[in-house]
Amino acid sequence: MSGRDLFCQPRRIRHGAALTLVFASVLVAGAATGSFGGSDAKQPSTESAVPVGHDDVTEAAERAMADGKSPMEAAERAVSRSGDRWSAVYSQGEYEELEEALDGRYTGVGLSARRESDGRIEVTRVQPGSPAARAGIRTGDLLRGVDGEDVTGRPVTEVVSLLRGDADDAGAGSRVRLGLQRGTHTWSEVLRRARLSTDSVTVRRLARGITLIKVTAFTKGSGDRVRDAVDRAPKGGGIVLDLRGNSGGFVAEAVTAASAFLDGGLVGTYDVDGDQRVLHAEPGGDTTRPLVVLVDGGTMSAAELLTGALQDRGRAVVVGTRTFGKGSIQMPSRLPDGSVAELTVGHYRTPAGRGVDGRGITPDLEADDGALQRAETVLGGLGDAS
């Protein structure tokens with residue numbers, strides 16, 4: 001499957017159409033949460049890319065259609081010649097799937113997974129009530145194969161595509177056979193894919209009144225769920241906002257999440273073909289509660305924008321490892337055959353004017369495996385200081 005981040009504007013900003021931040025094969029439909037970390041996290045660079053315009057791609061598609069050839073293939077060739085890794089062309093069906101994923105809906109089996117350093121694919125979460133849960137698959141099980149294909153050593157994004165049956169346009173009710181391992185025991189399970197809903201925001205209580213808010217993607221409604229979690233947190237208790245593995249999503253939702261911790265003011269700026277725009281937080285957020293943001297190499301796009309805003313404005317201590325570095329902006333346009341081209345039109349910056357693309361965000365405190373424990377320690381100090 002392919003994925004992207006939608007750079008949607010808050011209602012208060014009236015200029016321009018909805019923008020998108022493209023990252024192919026990352027916004028998962030139920031299987032790759034946190035898949036980018038370690039060796040999978042490669043920093044992007046668009047400095048050598050030759051921009052390609054929507055008019056150029058549309059003309060290429062129209063010429064192909066007039067010649068009886070595939071408009072989508074012609075558009076893909078035009079985009080590939082630009083060298084811009086973030087521009088992409090989607091079929092109509094693929095684009096609809098992306099929109100559904102950002103609505104928090106997907107077709108799959110309900111597994112989250114990561115690739116270990118030795119190439120093994122380990123199940124990290126089983127969604128309650130999903131086909132995987134009903135089959136008895138557990139966190140920690142190893143996924144060895146999908147429909148007879150060995151997945152060990154393959155990128156998690158490819159494993160996701162196999163689980164979803166993208167190559168065959170598999171829908172709900174279609175069968176998929178998984179090869180699994182638990183300890184020394186190996187077995188196979190045949191599951192039926194189902195229409196599932198993601199829960200991109202989860203909340204749990206830690207010691208000393210600390211609230212952990214985990215956001216895996218900024219799907220529709222996630223910003224309000226973050227604000228609700230902050231409102232319900234114990235009075236005086238600190239908050240850990242965990243954005244590790246967050247592949248992005250609707251920037252409007254990230255701005256809403258920022259509004260939970262800021263009393264108005266700048267969240268970031270972005271440009272569209274040189275025209276500068278701004279993103280503002282809503283007033284009335286909690287500006288006094290101690291806050292730590294956790295990030296890693298899988299923290300991308302909208303999640304990086306939120307992190308940069310809270311860091312630049314001195315609202316949070318950022319703990320973890322350097323973020324992915326995805327800060328270019330893509331705008332979609334419909335092609336003659338119904339497919340969609342999303343092409344780079346600009347970049348966004350943090351309130352301090354920092355560019356994120358190809359650089360990422362450096363945390364205030366470096367921490368890897370013990371990041372959550374480090375965050376709790378930091379919150380203890382912030383609480384004492386207040």
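Two strands count as paired if DSSP finds at least two bridges between them, and strands themselves are DSSP runs (E, at least two residues), numbered from the N terminus, just as helices are runs of H or I with at least four residues. With that in hand, here is an open sheet of 6 strands, in the order β12-β13-β14-β17-β18-β21 and with mixed pairing. At its edges stand β12 (201-205) and β21 (365-366), each with a single partner strand, so one side of each has no neighbour in the sheet.

A word on the source: this is a predicted model, in which local features need pLDDT of at least 70 and side-chain atom pairs count only at pLDDT 80 or more, while totals for chains, interfaces and linings use all residues. Residues are numbered from 1 along each chain as its sequence is written, and side-chain values use heavy atoms, with hydrogens and water left out.

β18 (residues 317-320) pairs with β21 in the parallel sense, over 2 bridges, and Gly320 sits opposite Glu366 of β21. Two helices pack on this sheet. Helix α6 (residues 222-232) touches β12, β13 (211-215) and β14 (239-242), and its direction makes about 15 degrees with that of β12. Helix α8 (residues 302-312) touches β14, β17 (291-295) and β18, at about 145 degrees to the direction of β17. Here, contact means heavy atoms within 4.5 Å; axes are lines fitted to C-alpha atoms, for helices over the stretch in contact, and angles run from 0 to 180 degrees between N-to-C directions.

Elsewhere, helix α3 (residues 92-102) has four names to note: Tyr95, Leu98, Ala101 and Leu102 are its buried residues. They line one face of the helix, because seen down the axis of α3 they fall within an arc of 120 degrees, the arc being that of the directions from the helix axis to the C-beta atoms. After α3 comes Gly104, with a positive phi near 85 degrees.

As for the whole protein chain, it has 9 helices and 21 strands. Of its 386 residues, 55% count as buried, meaning under 20% relative accessible area (1.4 Å probe, protein chains only). Among contacts with a separation of 6 or more, 69% join residues 24 or more positions apart.

How values were computed
Buried means under 20% relative accessible area, exposed over 50%, partly exposed in between (1.4 Å probe, protein chains only).
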